[in-house]
Amino acid sequence: MDAYVTQQIQNNIATIEFFHPEQNSLPGHILAQLVETIINVGHNDDVKVVILKSGGDRTFCAGASFKELMAIGDAETGKTFFLGFANVINAMRQCPKFIIGRIQGKTVGGGVGIAAATDYCMATQFAAIKLSELNVGIGPFVVSPAIERKIGISAMSQIAIDANAFYDAGWAREKGLYASVYESIDTLDEAVHAFAQQLCTYNPEAMVEMKKVFWRGTADWDSLLAERAAISGRLVLSDFTKETLKKFKK
């Protein structure tokens, strides 16, 4: 199947789904489509709640596109690529609607940042997380503000430094990334839709104001995440990272 971003609106609930055949990794054009779609549903008066999910029944998101990382040849191109994740996170925090994350499986790197940028995140027991960036010579610079905001600096630094390890869904729930964890995708989907329907009964104006409260203190993220994208764009050109990416390719 080809990569895609889709949007469906039913009963005041917008469901945004992204997919990529390489374990739902995110190349630049998919990141851009996600930004556009999130902004559109945020401005749609028919939408009260947003569900963000990925296609397939295994990995939620494998993070950055490996092929595009390999192809980066200069710092400006690198910054532009990592700005893709920054733009998604900023679109999510600025969206006036609550965004529910539906995490069906493992998520890595930038995918953890996207999960952390949702307003309420629900997962299966198979939804382990990993920040692998240091392992390839970069670092989770762009996504770390969202992750730190959700689980705290101690837990974020733990998974950032322990870049080879997956942390299970129970750990992620304990630290506050996931609000709840379910045994299967079917039970997760039932819970996600029931919760979205419940939110649709709330006062939309109250939810808008609460979201502002939840994201207080992040007004500088447009510039902060751009600065972080520039750091990643520079480091991806390092000899260490280039050699490490070649090893992974082999």
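**Exercise 1.** Find which residues have the most contacts inside the largest nonpolar core.

*Solution.* The largest nonpolar core holds 63 residues; such a core is a set of buried Ala, Val, Leu, Ile, Met, Phe, Trp, Tyr and Cys residues joined through side-chain atoms within 4.5 Å. Buried means under 20% relative accessible area, with a 1.4 Å probe and protein chains only. Phe-18, Leu-26, Phe-82, Ile-129, Leu-177 and Tyr-178 have the most contacts inside this core. Helix H3 gives the most to the core, with eight residues. A second, separate core of 14 residues includes Phe-98, Leu-188, Cys-200 and Met-207.

Before going on, note that this is a predicted model, where local features need pLDDT of at least 70, side-chain atom pairs count only at pLDDT 80 or more, and totals for chains, interfaces and linings use all residues. Residues are numbered from 1 along each chain as its sequence is written, and side-chain values use heavy atoms, leaving out hydrogens and water.

**Exercise 2.** Work out how the axes of H3 and H4 cross.

*Solution.* Start with the helices, which are DSSP runs (H or I, at least four residues) numbered from the N terminus. The axes of H3 (residues 75-94) and H4 (residues 110-117) come within 9 Å and cross at roughly 10°. H3 and H4 are therefore roughly parallel, a label for angles under 35 degrees. Now look at the contacts (heavy atoms within 4.5 Å): Phe-85, Val-88, Ile-89 and Met-92 in H3 meet Gly-110, Gly-113, Ile-114 and Ala-117 in H4.

**Exercise 3.** State what share of the chain is buried.

*Solution.* Buried residues make up 52% of the 250 residues.

Terms used: Axes fitted to C-alpha atoms, helices over the stretch in contact; angles between N-to-C directions. Helix = DSSP H or I, 4+ residues; strand = E, 2+ residues; numbered from the N terminus. Parallel < 35°, antiparallel > 145°, perpendicular 65-115°, else oblique. Buried < 20%, exposed > 50% of the residue type's maximum accessible area, 1.4 Å probe, protein only.
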